[in-house]
Amino acid sequence: MTAKDLALKLKEKFGELVSEPQEFRSEITVSVNDPARIAEVCAYAKQTLGFDYLVDITSIDNLGEQPRWAVVYELYGYSHHCHLRLKTNITEESSCLPTVSNIWKTANWHEREIYDMMGIRFEGHPDLRRILLWEGYPYHPLRKDFPLQGKPSEVPEVAFTQTAPLEGGPFVTKPGETASEREPRSRDSLESP
Amino acid sequence: MAEGDVIVTRLDAAINWFRKYSLWPMPMGLACCAIELMASGASRFDIARFGSEVMRFSPRQSDVMIVSGTVTYKMALVVKRLYDQMAEPKWVIAMGACASTGGMYRSYAVLQGVDKILPVDIYISGCPTRPEALLDALIKLQQKVSREPITSMLKKIT
């Protein structure tokens, strides 16, 4: 039993809902076309296909593209040692997914982190609060349109934030022959040599 | 000097002398600098040689807050509250690049230097700071304490 076989079983069960398994460097990815049915696919993957371990859930901000968000589920099965990746796209208007925390308990905190950092909500989540930042912080800092230096905010008695001085940064590297070429430099100085 | 002899000195010199050799730290360990702070307390570097081995995890019994590590905005007001709970006289050491200036964390989440919320007496460079540098800072703080006039202590208390 390989990950590809399991992905084909998923395709057999859900048909048009899921894409053909895509293989890249021996890792299998399956896209789910309807984000509202992701929990259904996950439940089948766990209960029938034996993916009993949810490794991680991550979110991607494709700013400027439609739909804006991509959410990625990394699954693993301890019995067959196969790894499968599920991907789904959500529009900025909805920014909402069904929770999988009732399928894998561990999803509880992963979903809270995505809600905290990216602002995607999870319907049916038992306790959807911020997990890293504090209640009342008005932004979602992992979004591409959020500046690295931050924005000022104030929650009295709890926390405050100010913008950080970047002094020409953030600093980036570029490939080069010598170490001095590869040194981190500010973007401005890279563009105007 | 035989028993019953008398020494005459200035009151502030005597009080400062007592204080400088019993600076009890409040270990505000927030990141990797706290590991070096622990090393300073252990036998190789031995902060006890300077009278500061009594790490009090209660602000009420501490004299000097050693802010060792990255102060995030989430932690900033907690650090401030602990400092406010310390009894006068009190001092602050900003240990390492993060506590002094925010260090490499030019970001939305990190306070850019603990001196934005606390009056810092000594800044130490380093990422993380070596224990020797912390001991040097402690000796410099002792020198500062020994120069403190008694009138300023009274002013602080009243």
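Two residues are in contact if their C-beta atoms, placed from the backbone, lie within 7 Å. Okay, with that in hand: in chain B, residues 24 or more positions apart account for 81% of the contacts with a separation of 6 or more.

Quick housekeeping. This is a predicted model, so local features need pLDDT of at least 70 and side-chain atom pairs count only at pLDDT 80 or more, while totals for chains, interfaces and linings use all residues. Residues are numbered from 1 along each chain as its sequence is written, and chains are lettered from A and ligands numbered from 1 in the order in which they are written.

So, chain B overall. We get 6 helices and 4 strands, taken as DSSP runs numbered from the N terminus, H or I of at least four residues for helices and E of at least two for strands. Reading from the N terminus, the order is α-β-α-β-α-β-α-β-α-α. The C-alpha trace spans about 60 × 40 × 25 Å along its principal axes. Of the 158 residues, 38% are buried, meaning 20 or more other C-beta atoms within 10 Å of a residue's own; 12 or fewer is exposed, and in between is partly exposed.

Now the inside. A nonpolar core here is a set of buried Ala, Val, Leu, Ile, Met, Phe, Trp, Tyr and Cys residues joined through C-beta atoms within 7 Å. The largest one has 35 residues, and those touching the most other members include Met65(B), Ile93(B) and Leu141(B). Among the elements giving two or more residues to this core are β1 (25-29), α2 (33-41), β2 (64-68) and α5 (131-146) of chain B. What does Met65(B) contact, leaving aside neighbours within four places in sequence? Met26(B), Met28(B), Tyr83(B), Met86(B), Lys90(B) and Val92(B).

Next, α2(B) against α5(B). Their axes, lines fitted to C-alpha atoms over the stretch in contact, with angles from 0 to 180 degrees between N-to-C directions, come within 9 Å and cross at roughly 70°. The two helices are therefore roughly perpendicular, the label for 65 to 115 degrees. Glu36(B), Leu37(B), Ala39(B) and Ser40(B) meet Pro131(B), Leu134(B) and Leu135(B).

Also in α2 of chain B is Ile35(B). Buried or exposed, or in between? Ile35(B) is partly exposed, because 14 other C-beta atoms lie within 10 Å.

Last, the chain–chain contact: 9 residues come from chain B and 14 from chain A.

Methods: Parallel < 35°, antiparallel > 145°, perpendicular 65-115°, else oblique.
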